[in-house]
Amino acid sequence: MQRTAIYPGSFDPVTNGHLDIIIRGLKLFDKIIITILENPSKKALFTVPERMDMLRKALKKFDGRIEIASDDGLVVDFAAKRNADAILRGMRAVSDFEYEFQMALMNRKLNREIQTVFLMTGLRWIFTSSSIIKEAAMFGGNIDGMVPAYVKRKIMQKYQQTKSDKLGKGE
């Protein structure tokens, strides 16, 4: 019997911390469906297709065990539709615990068949988040080693494009 997990997130952009959770999750699950969720309260830097492309490139060596999808509904409903056994979540610090715990309890209330599995982020990635990496890049910080090289190039292109757009508008 194949064990499948859903790994939801915005992945705007995918970081090496995300990849660490995915690779370690593949030791527990036969297949992981990485699910890009739209968060209307956040302004995304990358479109969903761009994020999907970055994830595909970063995870191409795991073809067959990884699927990349997007959804705009409840994760637990998506997991049930895809016959997943679990929702995989990464936790960086104690500050993540309260929110993740509440989400896991709500998902459990909505569907008792779907389990939530938490993996602690590897120590070398504990300080990283997509938001922090984007902010550092926006102000010219060095993000080498925090994201795959391809993703770094895409981030730098986005911020250079944004600067050009602002200059063109006379800002």
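The structure holds 11 salt bridges, a salt bridge being a side-chain nitrogen of Lys or Arg within 4 Å of a carboxyl oxygen of Asp or Glu. This is a predicted model, in which local features need pLDDT of at least 70, side-chain atom pairs count only at pLDDT 80 or more, and totals for chains, interfaces and linings use all residues. Residues are numbered from 1 along each chain as its sequence is written, and side-chain values use heavy atoms, with hydrogens and water left out.

**Pairs within helices**

- Asp20 and Arg24 form a salt bridge, with 2.9 Å between the closest N and O atoms.
- These two are about one helical turn apart, because four residues separate them in helix 1 (residues 16–25); helices are DSSP runs of H or I, at least four residues, numbered from the N terminus.
- Asp20 is buried at 18% relative accessible area, while Arg24 is partly exposed at 27% (buried means under 20%, exposed over 50%, partly exposed in between, using a 1.4 Å probe and protein chains only).
- Lys57 and Asp53 also meet in a salt bridge, at 2.9 Å from N to O.
- Lys57 and Asp53 lie four residues apart in helix 2 (residues 48–58), so about one helical turn separates them.
- Lys57 is partly exposed at 39%, and Asp53 is partly exposed at 26%.

- Asp96 pairs with Arg92 in a salt bridge whose closest N and O atoms are 3.6 Å apart.
- Asp96 is buried at 16%, whereas Arg92 is partly exposed at 30%.
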